[in-house]
Amino acid sequence: MTIDPRLSETSPAAPITENGLFLADVWDGLAANPKALPAKYFYDAAGSELFEQITVLPEYYPTRTELRILDERGPAIAALLPEGAALVEFGSGSTAKLRRLLRHLPGLAAYVPVDVSGEFLTAQAETLRGDFPDLTVEPVVADFTRPFGLPEGVKDKALAGFFPGSTIGNFEPREAGRLLDVFGRILGPGAVLVLGVDLVKDREVLEAAYDDAAGVTAAFNLNLLHRINRELDGEIDPARFTHRAVFNAEASRIEMHLVSRRAQTIRVAGRSFAFAEGESIHTENSYKYTLDSFRALAARAGWTSAEAWTDRDGLFSVHALRRAG
Ligand code: AVJ
């Protein structure tokens, strides 16, 4: 574990425990101006369950739209992948999206799911092998935002990458470019990368997708405060915060915030943080692209656009990029 050296200059060091990094990030984020917390901490068991519920909400169009595009365009996507390729999935979530592709890829040499959670990977590999007995599954436990080595057995294969779910939207554009460059270095010359990218659209549609009528996204956002209470000895009353989702058109991103309903001081593991009424904690950015703005980002990271598909209503896109050979 690495401790951020800046922390010791401004505050007592966060205790070094299993949750030390989480606490350091929370203390850092609440001491910052404006206040912000990393979106990656949404996904504890409760948060992951809430996200699953989000994906089937009537207002939340991304998941079902991407699945539909993969269903309809599976054969066209498969035709772009080299024969006998190994498919590397960066941050393998549920296998639902992968399964859409697999049925069109009978000649796939291997599937390489990459995830930080070894436990999750093992379970996922097990079910996939059961359902696709001929498929070679070679999981890699790694943080996909940093360069990592591929298994020996796939190094000599043609490589393809898969990054669905518009996860790329959670990264600042500069970081998204850096990530695409890392993918390019891992996959190498001639590789094809298939990824899902959410599209810019009317503010009303975007804001409803992140502030649903049933309040599931609000619960997802507020769960971060519950998680801090549960895991970090937090003394936060989540009822004193309200969920807000707003489209920042200039930055082309949906922002999620937790807004303080009143002036208050909260405590986390013995440290206090003061809020003015209406002051917010910025908890997530979800960047939205046009087909061309995403192609331009990819080009800066060394990828050319092979093809891009959208649904009929232009809600979501799936891009196939190619690395110069
Ligand atoms: C998982 C990052 C793609 O940005 O749409 C959903 C997360 N946040 N509702 C997104 C999310 C609020 C989601 N991603």
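**View 1. An open sheet of four strands in the predicted model has the order S1-S12-S9-S8, with mixed pairing.** The edges are held by strand S1 (35-36) and strand S8 (241-248), each of which has a single partner strand, so one side of each lacks a neighbour in the sheet. Strand S1 is joined to strand S12 (residues 280-287) by two bridges, and these two strands run parallel. In this pairing, Lys 35 stands opposite Ile 281 of S12. Helix H9 (residues 216-232) packs on the sheet and touches S8, strand S9 (253-260) and S12. The direction of H9 makes about 60 degrees with that of S9.

**View 2. A cis peptide bond joins Asn 33 and Pro 34.** The omega angle of this bond is about 0 degrees. Pro 34 belongs to the loop between helix H2 (20-31) and strand S1.

**View 3. Ser 252 lies in the loop between S8 and S9.** Its phi is near 55 degrees, a positive value in a residue other than glycine. Ser 252 counts as buried because its relative accessibility is 18%, where the cut-off for a buried residue is under 20%.

**View 4. Strands S10 and S11 form a hairpin with two residues between them.** Five bridges connect strand S10 (residues 264-268) to S11, and the two strands run antiparallel. Thr 265 has Ala 274 of S11 as its bridge partner. Within the turn, Ala 269 has a positive phi of about 50 degrees. Strand S11 (residues 271-275) presents a covered face, formed by Arg 271, Phe 273 and Phe 275. Ser 272 and Ala 274 form the uncovered face of S11.

**View 5. Seven strands form an open sheet in the order S4-S3-S2-S5-S6-S14-S13.** The pairing in this sheet is mixed. Strand S2 (residues 86-90) and strand S5 (residues 159-163) run parallel and are joined by four bridges. Glu 89 stands opposite Phe 162 of S5. Helix H7 packs on this sheet, touching S2, S5, strand S6 (192-198), S13 and strand S14 (316-323). The directions of H7 and S5 make an angle of about 150 degrees.

**View 6. Ser 166 is located in the loop between S5 and H7.** Although Ser 166 is not a glycine, it has a positive phi of about 60 degrees. With a relative accessibility of 10%, Ser 166 counts as buried.

**View 7. Helix H7 (residues 173-187) packs against helix H10 (residues 291-300).** The angle between the two helices is about 55 degrees, and their axes are 8 Å apart. H7 and H10 are therefore oblique to each other, and their crossing is right-handed. On the H7 side, the contact is made by Pro 173, Ala 176, Gly 177 and Leu 180. H10 contributes Phe 294, Leu 297 and Ala 298. The residues of this contact comprise six nonpolar, one polar and no charged.

Key
Residues are numbered from 1 along each chain as its sequence is written. This is a predicted model: local features need pLDDT of at least 70, side-chain atom pairs count only at pLDDT 80 or more; totals for chains, interfaces and linings use all residues. Side-chain values use heavy atoms; hydrogens and water are left out. Axes are lines fitted to C-alpha atoms, for helices over the stretch in contact, and angles run from 0 to 180 degrees between N-to-C directions. Angles under 35 degrees count as roughly parallel, over 145 as roughly antiparallel, 65 to 115 as roughly perpendicular and the rest as oblique. A crossing is left-handed if the near helix is turned anticlockwise from the far one by less than a right angle, and right-handed if clockwise. Contact means heavy atoms within 4.5 Å. Ala, Val, Leu, Ile, Met, Phe, Trp, Tyr, Cys and Pro count as nonpolar, Asp, Glu, Lys and Arg as charged, and the others, Gly among them, as polar. Two strands pair if DSSP finds at least two bridges between them. Buried means under 20% relative accessible area, exposed over 50%, partly exposed in between (1.4 Å probe, protein chains only).
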